[in-house]
Amino acid sequence: MGEAEAEAGRRAATEARDRIRFEEDALEFADQVYRVARRLVSSREEAEDLVQDTYARAFRSWRSFTPGTNMRAWLLRILTNLNLDRGRKVQRTPDLQPLEEGDYYLANKLAASSGEQELEHDRVVERLSQDGVVNALSALPHDFRDVVVLVDIGEFSYADAAQILDVPIGTVMSRLHRGRRILKHTLAEESLG
Amino acid sequence: MSTTDPCEKCEQMLQPYLDRELSVVEVGEAEQHLNACEYCRRRYRFEESLRRYVRLTASERMPPGLLDKIKELRGQPEGI
């Protein structure tokens, strides 16, 4: 074997190792990726499809990942782009009707309905049903839901969420803020009527 | 909207405070008010447990079998 061939062989072996390592690292995040996906779409089947499409693309384009950067955010960026491509643009930009309630809205409602002292206990949130929380999240307009799910379920920082969604960090903050207010408004309506 | 009301200011800092996105100076400002104000303190605690509760109840584990399906996607030809 010539020197050039030997060199090519060594390079191929190194690449194969890098690729396998990339795949193993990416697989470590599968559960976390699924948890976010599940709340971005309406059914478990859709979430499974979306995660599989995400991994199929990630595995094919592994070279575009920069080692040492945030792989979980990189995967979620693929996922949110795929989710957009899946024709979810059917939804119009949500109408921004004024939402006067402040951030203490839900707490104030619950405090008023049960006596202020009860707010001291963690149990007060358990009066909000699990289904109620899931439904309230899925009722959020897409743009708001993306941010709320990335930060509250995915535990991404504002900066990571901005990078994933390719929007300025100020947009993440305002959508998050508004999204959470809508969420609390919905939860208050559901639990208190 | 008045910005001089300290509780209102505290309410505005609630979200970034819990997200750990406030500057050190702002954290100090928020905590100074929280130490003195039971009303806001309760609401911060409530919000914190609400966050935890949302994360817990809305976070669904990957279904069994999905990981194996994903593993089969490895080694496909490269490209977008």
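Chain A has a radius of gyration of 22 Å, whereas a compact globule of 193 residues would have one near 16 Å; the radius is taken over C-alpha atoms, and the globule rule is 2.2 Å times the number of residues to the power 0.38. This is a predicted model, in which local features need pLDDT of at least 70, side-chain atom pairs count only at pLDDT 80 or more, and totals for chains, interfaces and linings use all residues. Residues are numbered from 1 along each chain as its sequence is written, and chains are lettered from A and ligands numbered from 1 in the order in which they are written.

**Chain A overall**

- Along the principal axes, the C-alpha atoms of chain A fill a box of roughly 85 × 35 × 30 Å.
- Chain A contains nine helices and zero strands, in the sequence pattern α-α-α-α-α-α-α-α-α. Helices (H or I, at least four residues) and strands (E, at least two) are DSSP runs, numbered from the N terminus.
- Of the 193 residues of chain A, 32% count as buried. A residue is buried if 20 or more other C-beta atoms lie within 10 Å of its own, exposed if 12 or fewer, and partly exposed in between, with C-beta atoms placed from the backbone.
- Among contacts in chain A with a separation of 6 or more, 71% are between residues 24 or more positions apart. Two residues are in contact if their C-beta atoms, placed from the backbone, lie within 7 Å.

**Confidence**

- The mean pLDDT of chain A is 89, and 92% of the residues score at least 70; pLDDT is the predictor's confidence in each residue, from 0 to 100.
- Among the elements of chain A, helix 2 of chain A has the highest mean pLDDT (97) and helix 5 (residues 105–114) of chain A the lowest (86).

**Domains of chain A**

- Chain A is divided into domain 1 (3–90) and domain 2 (105–192), with bounds that come from an automatic or database domain assignment.
- The C-alpha centres of domain 1 and domain 2 of chain A are 28 Å apart.
- Contacts between the domains involve 11 residues of domain 1 of chain A and 14 residues of domain 2 of chain A.
- On the domain 1 side, helix 2 (30–40) and helix 4 (71–85) of chain A each supply at least two of the residues that touch domain 2 of chain A.
- That side of domain 1 of chain A has four nonpolar, three polar and four charged residues. Ala, Val, Leu, Ile, Met, Phe, Trp, Tyr, Cys and Pro count as nonpolar, Asp, Glu, Lys and Arg as charged, and the others, Gly among them, as polar.

**Interface between chains A and B**

- The interface brings 33 residues of chain B into contact with 38 residues of chain A.
- Helix 1 (6–18), helix 3 (38–58) and helix 4 (66–71) of chain B each give two or more residues to the side of chain B that touches chain A.
- Helix 3 of chain B provides the largest share of that side, 12 residues.
- By class, the chain B side has 13 nonpolar, six polar and 14 charged residues.

- Helix 9 (residues 169–192) of chain A has 24 residues and reaches 34 Å from its first C-alpha to its last, close to the 34 Å expected at 1.5 Å a residue. The expected span is 1.5 Å times one less than the number of residues.
- The buried residues of helix 9 of chain A include V172(A), R175(A), R180(A), K184(A) and L187(A).
- The cover over the buried residues of helix 9 of chain A includes helix 5, helix 6 (130–138), helix 7 (142–153) and helix 8 (158–165) of chain A, together with helix 1 of chain B.
- The end C-alpha atoms of helix 3 of chain B are 30 Å apart, which agrees with the 30 Å that its 21 residues should span.
- Buried residues in helix 3 of chain B include R42(B), R43(B), F46(B), E47(B) and L50(B).
- What covers the buried residues of helix 3 of chain B includes helix 2, helix 5, helix 6 and helix 7 of chain A, together with helix 1 and helix 2 (24–36) of chain B.

**Individual residues**

- E155(A) is not a glycine but has a positive phi of about 55 degrees. E155(A) lies in the loop between helix 7 and helix 8 of chain A and counts as partly exposed because it has 15 C-beta neighbours inside 10 Å.
- R20(B), also not a glycine, has a positive phi of about 55 degrees. R20(B) is in the loop between helix 1 and helix 2 of chain B and is exposed, with 9 other C-beta atoms within 10 Å.
- D68(B) is in helix 4 of chain B and is exposed, with 8 other C-beta atoms within 10 Å.
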